[in-house]
Amino acid sequence: MLEDYFRQYGLIAIFAVVAFAVPTSLLAASWLLSRLKIRPQNPTPVKLEPYECGVQTIGGPWNQFNFRYYLYAILFVIFDVEVVFLYPWATRFISFELFALIEMAVFVGILLIGWAYAWRKRDLEWGN
Amino acid sequence: MSCQLASDSILYANGIYRLVYEIVGVVLPCWVAYAIAGLVFAFILVNAVLLGAAVITWGERRVLGRFQNRVGPNRWGPFGLFQPVADLVKLLTKEDLRPEGSDRVVFSLVPVLMVAPLILMTAVVPFARNTALASLNVGVLFILAVSSITSVAIFMAGWSSNNRYAMFGAARAVAVLISYEIPVVLSLLGVVMVAASMSLGTIVEAQALPFFLVQPLAFLVFMAGMSAELNRSPFDVAEAESEIIAGYHTEYSGVRFALIQAAEFGGVGVVAAIAATLFLGGWSGPWSEYLGWLWFLIKTGIIVFLFIWFRATYPRLRIDQIMAFSWKFLLPLAMVNLVVVTLEVFLLRGDDGVLTHTDLAIMAAINLAVTVIAIAVFGNLIKDRVTFRTRQPQQVVVPGVSTIEVS
């Protein structure tokens, strides 16, 4: 039985190879078409400039971006880790005792307090 | 030499796989039969996803055309059905440029990394009874894990393009993706809890009553969250044409652009299939032994139509509204759903740890009321919060000049 269990993952590995091969083969087909002169491939310096609505590009892509992104990233990590613990618990919850319910209520409750605090401190708002 | 699957094997239940395995196993060694059966199945699934993407590009344009009181593509083939083929041929024969200063390897990897996870997600989706490639016992987790590769690909696209707008689009896309990941993942917890399994096949069998009735709140959160995860209107700030050209795929042309578009539209199909499996009962329906695939297709089609309907109806939200919608509306709703479902499961389950049909019906009734109340309460709570505080026009008094307004 255990061998069958791993065989399923073997099938997924085969499938993954196919899934990566299909888009790669389309890229290869495109390259082949340019070799056969069916598809044009004559880049000029103007064509290769980064696109900027038809005007000359000024400056590089490395701009400052909003500090807000970091706050959302941190909140995301916190909640995602929470979910990692919640999934195995939820799968078997139907046969658990009261203790498991209280345990998880405490765990989720702590995070919810943090989330409410972030809301209260207006960290969930983009504008300020 | 012949290969037989033991009848207690996990793979035995899968009829298509078993057929190929045993036919090939008559002449070839068993491990070759195993690989060939896997490849045949992979071939079916890859074609399903890519053909699905093609049909959805056509269907979306036709349906959107109807919504906007115009015809849509109708020149190529009956009802314009060959339009996707024409699009592909056109894009294959277009020049494929890579802008100067872009990161060659990362730039070229992006289209592959966007299409591949999408195809991989279908590995655990049963499209009729016992027809998943691998009915993993961690199916939901597999889908969530594989689907998040897409956000990495999107950021790679923005990072490697050497284009300011691509970078902005990527930053926005990742912010939206991670914000909506949380409600989506939390909403699926309720489904997993009631079905007591993460395997999609078991979840379908647990739906004596479809889960969109049992947990309407989870279904709403999932649909809204997935619209955002797929970068679709009304949450498509990442590729807002009026602001940042095309967002992260500004610099992509030719076949790479075709692949990115295929990933976007294929994503709609795959997510619709997953939603149909988790919430609408997948292949279950009358005569599901023979017509399972038909029910599955119809349900998937309904969800795809819902996605197109969203897009046709709602205008694009601003980035601050999108963030507020996720963190202040969908997240609390998902939490309410989680808490309510947990308590219901705890109180309604039998001594042997099963939920009967009656239990599900009771849950459906309670959850419908909870849904209405929760949406009313939290909707009211963020009603004025989602509005962006713009600076009020100030009266500036300049000596000698009449009052002017500065905004």
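**A walk through chain B**

Pro117(B), Leu120(B) and Met121(B) in α4(B) meet Ile143(B), Val146(B) and Ser147(B) in α5(B). Sorted by class, the residues of this contact are five nonpolar, one polar and no charged. Keep in mind that the model is predicted.

Now look at how the two helices lie. Helix α5 of chain B covers residues 139-147. α4(B) and α5(B) pack at an angle of about 175°, and their axes are 9 Å apart. The two helices are therefore roughly antiparallel to each other, since an angle over 145 degrees counts as such.

Next comes α6. This helix of chain B takes in residues 149-160, twelve residues in total. From its first C-alpha to its last, α6 reaches 17 Å. That is close to the 16 Å expected at 1.5 Å a residue. Which residues of α6(B) are buried? They are Thr150(B), Ala153(B), Ile154(B), Phe155(B), Met156(B), Ala157(B), Gly158(B) and Ser160(B). The cover over the buried residues of α6(B) includes α4, α5 and α7 of chain B. An α-helix has 3.6 residues a turn, so residues three or four places apart point the same way.

Just after α6(B), the backbone does something worth a look. Asn162(B) takes a positive phi of about 60° there. Most residues other than glycine have a negative phi. Asn69(B) has a positive phi of about 60°, although it is not a glycine. Ala196(B) is also not a glycine, and its phi is near 55°, again a positive value.

Where do these two sit? Asn69(B) is in the loop between α2 and α3 of chain B, where α3 spans 83-92. Ala196(B) is in the loop between α7 and α8 of chain B, where α8 spans 200-206. Their surroundings can be told apart by counting. Asn69(B) has 6 other C-beta atoms within 10 Å, so it is exposed. Ala196(B) has 20 other C-beta atoms within 10 Å, so it is buried. The cut-off for buried is 20 or more, and for exposed 12 or fewer.

Phe212(B) gives another case. It lies in helix α9 of chain B, residues 211-214. Is Phe212(B) buried or exposed? It has 21 other C-beta atoms within 10 Å, so it is buried. Leave aside its neighbours within four places in sequence. Phe212(B) is then in contact with Phe219(B), Phe279(B) and Leu280(B). Phe212(B) and Leu294(B) are 82 residues apart in sequence and 19 Å apart in space, C-alpha to C-alpha.

Step back to the whole chain. Chain B has 15 helices and two strands. Its C-alpha atoms fill a box of roughly 100 × 60 × 40 Å, taken along the principal axes. Of the 407 residues in chain B, 54% are buried. Consider the contacts in chain B between residues at least 6 apart in sequence. Of these, 73% join residues at least 24 apart.

Chain B is divided into domain 1 (1-80) and domain 2 (94-381). Taken over C-alpha atoms, 21 Å separate the centres of the two domains. Where they touch, 19 residues of domain 1 are in contact with 16 residues of domain 2. On the domain 1 side, the elements that give two or more residues are α1 (15-27) and α2 of chain B. α2(B) gives the most, with 14 residues. By class, the residues on this side are 14 nonpolar, four polar and one charged.

Finally, turn to the partner chain. How many residues of chain B are in contact with chain A? There are 66, and they meet 55 residues of chain A. On the chain B side, the elements that give two or more residues are α2 (30-67), α4 (104-121), α7 (164-195), α12 (254-279) and α14 (319-348). Which of them gives the most? It is α7(B), with 13 residues. By class, the chain B side has 44 nonpolar, eleven polar and eleven charged residues.

Technical notes. Residues are numbered from 1 along each chain as its sequence is written. Chains are lettered from A and ligands numbered from 1 in the order in which they are written. This is a predicted model: local features need pLDDT of at least 70, side-chain atom pairs count only at pLDDT 80 or more; totals for chains, interfaces and linings use all residues. Two residues are in contact if their C-beta atoms, placed from the backbone, lie within 7 Å. Helices (H or I, at least four residues) and strands (E, at least two) are DSSP runs, numbered from the N terminus. Ala, Val, Leu, Ile, Met, Phe, Trp, Tyr, Cys and Pro count as nonpolar, Asp, Glu, Lys and Arg as charged, and the others, Gly among them, as polar. Domain bounds come from an automatic or database domain assignment. Axes are lines fitted to C-alpha atoms, for helices over the stretch in contact, and angles run from 0 to 180 degrees between N-to-C directions. Angles under 35 degrees count as roughly parallel, over 145 as roughly antiparallel, 65 to 115 as roughly perpendicular and the rest as oblique. The expected span of a helix is 1.5 Å times one less than its number of residues.
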